[in-house]
Amino acid sequence: MNGDEIEWGNVKRVLIVKLRSIGDTVLSTPSLIALKRFVPDAEIDILLEDWVAPLLDGFEGVNVIAVGSAFGERMRTAMQLRRRNYDVAFNLHGGTTATFFTRASGAKHRVGYANYQYSFLFDHLLTSANDFWQTTATHSAEQQLALLGFVGVPVSDRPKSYLVGTESAQRSINDKLSSLIPHPSSLALLHPSTAFFTKQWPVENFARTAEFLADKGLTVVAISSKSESHILGQLSDESKVPIVTFDDLTLPEITALASKAKLFVGNDSGMAHIAAAVQTPTVVIFGSSSRAHWSPWTDAPNEIVYEEFPCQPCPGYECKQFGDPKCILSIKPEKVFTAINRILAHV
């Protein structure tokens, strides 16, 4: 289903709705890039959840609107959107809250997928990203780009993810590093935690990886959220080499830190997408999730490390096949070391 054709020459304001996590937000940046270059004079807003909104600090040409989870705040945000008089609104998420905001915007043209709940609230509906790209599998970034391409935005070159480290975040991270590393060498950034246990490579394996990287003359830095700081403690205890750890960095500081690293090694997570978006070479260890859908979306050197299992991918909330997630637990450190060596040979 496609409503009246969008007259892009008359478009003055566009809304992107993307209410999801760090990785989802990073992977919306190719769509922002495609849109900005197509309608450079239009105002482009993106609606993000407030906790993830700072990730796009410094992203030029896009206005970030942050919304919290409280009902009253969401209603005020909906009224704010309504006053903006959008010509086009894209729902890149598909959840009911995102659909509510898309409809509340009052945009003349509302673009989404036909499988969205309450799809009748949209007037431009794409059947599937596979249909648009004429393929059997699509990356998350391609799924979002397809919605733009469906209504006439040029996306055939599939722009890559992109983030920018702000000057203030760069200064802050430089100060923090200089106080902890008197004579820094090249940095290797580790992210040993993740949201699901089916994507969690054992911490002792990350400790062996830290030792491997230190043997190559790299200074090892590891990050996590405050709620996952126990993993950093375990990593430091397990490792025979010193590791600089941070559990309190802001998203802009993480972006700045990733941009300084020679290499990122971590689980499949939002941190991996941040590293890829600042062109840092990456090695990402995959367990339960879809490699085709969530691999780094970058031109920088990158490798994904995994063991093949017929039950992959799966939702990841539990391991129905084995109880313990063999997909991630069976990956040997030596396989990650081999990937690291190949990446370092290109940087």
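1. A quick convention before anything else: a residue is called buried under 20% relative accessible area, exposed over 50%, and partly exposed in between, using a 1.4 Å probe and protein chains only. By that rule F100, at 35% relative accessibility, counts as partly exposed. What you have here is a predicted model, where local features need pLDDT of at least 70 and side-chain atom pairs count only at pLDDT 80 or more, while totals for chains, interfaces and linings use all residues. Residues are numbered from 1 along each chain as its sequence is written, and side-chain values use heavy atoms, with hydrogens and water left out.

2. On to the rings. Phe, Tyr and Trp (its six-membered ring) pair if the ring centres lie within 6.5 Å; planes under 30 degrees apart count as stacked, over 60 as edge-to-face, and the rest as tilted. The count comes to 11 aromatic pairs. In one of them, F100 and F101 have ring centres 5.2 Å apart and planes at 55 degrees, so this pair is tilted. F101 is buried, with a relative accessible area of 0%.

3. F309 and F322 make an edge-to-face pair, with 5.7 Å from centre to centre and 75 degrees between the planes. Both partners sit in the loop between β12 and α13, 13 residues apart. F309 is buried at 16% relative accessible area, whereas F322 is partly exposed at 35%. Helices (H or I, at least four residues) and strands (E, at least two) are DSSP runs, numbered from the N terminus.

4. P313 belongs to the loop between β12 (302-305) and α13 (326-329). For context, most peptide bonds are trans, and most residues other than glycine have a negative phi.

5. Two glutamines are worth checking on phi. Q134 has a positive value near 55 degrees and lies in the loop between α5 (129-133) and α6 (140-150). Its relative accessible area is 67%, so Q134 is exposed. Q279 also has a positive phi, near 65 degrees, in the loop between α11 (270-277) and β11 (282-285). Q279 is partly exposed, at 42%.

6. Last, the lysines. A charge sits over a ring if NZ of Lys or CZ of Arg is within 6 Å of the ring centre and within 35 degrees of the ring normal. The charged end of K160 sits over the ring of W297, 3.9 Å from its centre. K335 lies over the face of Y306, 5.9 Å from the ring centre.
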